[in-house]
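This report describes the fold of a chain and the way in which its copies are arranged. The sequence and the structure come before the account.

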2 protein chains.
Amino acid sequence: MNNFDLHNPTRILFGKGRISDLDGQVPADAKVLLLYGGGSAERTGVLAQVRAALGDRKVVEFGGIEPNPRYATALKAVDVIKENDITFLLAVGGGSVIDATKFIAAAAELEGDVWDIFTSWGGAIKSAMPFGTVLTLPATGSEMNPASVITHAEKGAKLPFMSSHCYPVFSILDPELTYTLPPRQIANGVADAFVHIIEQYLTYPVAAAVQDGFAETLMRTLIDLGPKAMETPNDYDTRANVMWTATLALNGLIGAGVPHDWASHMIGHEITALNDTDHARTLAVVLPALMQDQRGPKREKLLQYAANVWNIREGSDDARIDAAIDATRNFFHAMGIDTRLGDYGVGPAEVDRIVAALESHGMVALGETKTITPDVARRILTAAL
Amino acid sequence: MNNFDLHNPTRILFGKGRISDLDGQVPADAKVLLLYGGGSAERTGVLAQVRAALGDRKVVEFGGIEPNPRYATALKAVDVIKENDITFLLAVGGGSVIDATKFIAAAAELEGDVWDIFTSWGGAIKSAMPFGTVLTLPATGSEMNPASVITHAEKGAKLPFMSSHCYPVFSILDPELTYTLPPRQIANGVADAFVHIIEQYLTYPVAAAVQDGFAETLMRTLIDLGPKAMETPNDYDTRANVMWTATLALNGLIGAGVPHDWASHMIGHEITALNDTDHARTLAVVLPALMQDQRGPKREKLLQYAANVWNIREGSDDARIDAAIDATRNFFHAMGIDTRLGDYGVGPAEVDRIVAALESHGMVALGETKTITPDVARRILTAAL
């Protein structure tokens with residue numbers, strides 16, 4: 001096991017009816033900026049519940065945060081904070097609203113140029129406004145981690161940062177709030193969480209029995225309950241387990257003391273940049289092809305994955321690995337997610353563009369051993385056609 | 001899944017050589033009280049490493065904290081704090097030193113009578129001094145939780161409390177520090193952690209797939225590595241997995257959103273009070289007898305335990321449960337821990353004394369459904385003879 005630090009100060013309030021706990025979590029004298037995305041939070045009644053729970057506090061609202069939250073939009077929220085002497089931020093939504101709120105919380109307190117947040121990968125952040133979240137979409141894990149990705153439309157760039165100052169003070173996770181989500185969003189959320197787990201698991205063994213076992217539990221839970229969550233949207237326990245799994249998939253716990261990959265994410269981002277394919281669907285395309293291509297370096301963990309996640313224990317090593325990759329594709333298919341580039345209109349001609357984009361962003365040594373060069377990425381993408 | 005709150009602010013610094021990180025964790029201007037137990041921390045060189053890492057800070061030392069830390073001893077430490085204007089506490093040791101430090105941290109800041117800490121079960125604590133820990137014995141989980149048990153010798157009582165103010169600010173977990181532990185202490189630590197897990201798992205199902213899977217991972221890890229940790233004390237990865245498992249066994253994670261039992265602990269405490277049997281060994285005696293007695297109410301989870309922890313999948317329901325109970329006993333035996341009251345000199349005549357002690361402490365409705373009355377406890381103890 002590798003050395004690690006683990007520190008996660010976010011308070012989780014999980015379960016039915018937890019929005020009513022907002023009153024105890026948001027300071028009584030707070031001036032609150034309530035941040036949200038499109039119309040769904042209003043339509044589903046979540047915002048009405050939140051407004052009621054905030055009682056007599058002064059609340060200013062800032063809606064319209066985009067699915068890939070924009071830099072320019074976030075800066076407008078910073079202006080609203082300064083104009084209204086806001087003291088607490090409350091994000092109501094999924095990963096996009098929460099990611100935007102992290103950036104806004106940091107930018108509002110930054111001395112100097114906010115652009116430094118990105119050039120320093122978050123290191124420029126010395127403090128951030130306190131913020132809480134009410135999660136409506138289980139997927140990204142942003143509700144219990146310090147990471148964020150902001151899109152700069154004019155530069156055509158997705159800009160990640162992380163800072164220990166950007167953990168939510170609290171996050172409310174009420175599985176019932178997810179009942180009204182469109183099936184496509186549930187499928188994307190499950191796939192996103194699944195690949196978050198696998199990026200921290202499918203590398204090389206470091207004798208981390210606990211982290212491996214936890215990751216396998218989370219994957220089995222998603223395999224078992226992901227399709228079910230789409231079929232029976234109002235099944236509380238199914239939604240509860242999916243929601244809690246997505247949070248634990250990327251809150252630091254399973255990634256502590258083990259190598260990380262993240263190549264599927266980096267390659268996938270460039271596919272989204274090319275033609276706006278949903279993030280999770282790019283992962284479902286890249287991951288199986290990457291598993292196939294990296295079956296040498298990832299051999300031991302692929303065999304462990306086959307046995308412990310899919311219960312594949314018969315046949316030669318290669319046959320078991322093949323079966324596990326097929327099972328992974330079939331899991332995505334069961335949730336209506338296609339796993340070939342061609343399914344998203346990406347043909348051989350675009351492969352070189354994607355590889356060139358990776359190179360232009362410095363993504364030339366990806367994966368847990370930094371051996372996924374542009375040539376390897378091209379091979380993976382070609383296998384994914 | 002039941003509703004839950006989860007908030008654990010302790011920073012974990014895990015791995016080889018982490019004592020050197022003390023300098024970055026303890027405030028530079030702190031006046032430190034260094035707390036420890038008997039002579040082992042000195043003999044093994046841990047204290048020397050800690051003193052070196054603290055550099056030029058003013059450090060006062062307070063050794064001699066007992067294995068079952070005493071109320072009177074802890075109050076002496078409070079006096080030392082006040083006499084020396086101490087601002088930070090550093091516990092070096094196992095659960096006893098850390099438990100004592102929690103009480104000392106709270107008592108030093110309490111307005112009014114420190115005894116209120118116990119009568120209020122910790123509710124009287126409104127603040128506590130900041131403290132860190134350097135863990136030398138994986139067992140109790142105290143290094144990442146807010147609970148403590150103090151012994152009042154004159155009253156013959158073990159006094160528990162918990163408070164959200166009593167989380168360590170940080171805990172250093174270096175598996176190499178455990179190499180020198182006597183085998184008996186490793187065995188006790190593994191058994192204690194195992195029963196911590198099972199108290200939060202072996203109840204009735206609430207569709208908590210994640211918590212169940214995590215608990216099963218932790219139990220399998222201890223079953224696999226507990227005996228090995230005794231045979232090959234200097235195997236880093238074995239000690240690392242045991243250490244991390246013991247912490248996760250009782251840090252709130254696997255207990256979130258599920259019922260808890262704790263009857264084995266409550267009954268076991270009275271055996272320790274009777275004849276000073278090691279805490280972990282009392283658990284190894286009570287647990288198998290309790291499983292046997294409660295095979296009706298715990299049926300579903302016992303079958304899940306047999307299948308997922310012991311891979312027992314053949315035979316009738318009762319045969320699988322019997323096999324799982326036998327396997328549990330054999331696990332304790334493999335670490336040199338006896339599992340019958342008679343092995344510890346407790347005969348039929350003492351059963352009534354233990355039951356009377358439970359009654360006198362108000363422990364008359366134990367377990368996840370509060371159905372373990374004194375009569376049931378007597379039945380369990382008789383079966384454990």
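Two strands are taken to pair if DSSP finds at least two bridges between them. In this predicted model, strand β1 (residues 4-14) of chain A meets that criterion with strand β1 (residues 4-14) of chain B, the two running antiparallel and being joined by seven bridges. Within that pairing, A:L6 stands opposite B:I12. β1(A) also pairs with strand β8 (residues 170-173) of chain A, here in the parallel sense and over four bridges, and A:I12 has A:S171 of β8(A) as its bridge partner.

| Partner of β1(A) | Sense | Bridges |
|---|---|---|
| β1(B), residues 4-14 | antiparallel | seven bridges |
| β8(A), residues 170-173 | parallel | four bridges |

How are the two chains related? Chain B is superposed on chain A by a rotation of 180 degrees with 0.0 Å of shift along the axis, at an RMSD of 0.0 Å, which is the relation of a two-fold axis. The C-alpha of B:P9 lies 2.3 Å from this axis and is the nearest to it in chain B. Because 100% of the interface residues of chain B are also interface residues in chain A, the copies meet through the same surface.

As for the chain itself, chain A has 15 helices and eight strands, and its C-alpha atoms fill a box of roughly 65 × 45 × 45 Å along the principal axes.

Conventions:
Residues numbered from 1 in each chain as written. Chains lettered and ligands numbered in written order. Predicted model: local features only at pLDDT ≥ 70, side-chain atom pairs only at ≥ 80, totals over all residues. Least-squares fit on C-alpha atoms with pLDDT ≥ 70 in both. Contact = placed C-beta atoms within 7 Å.
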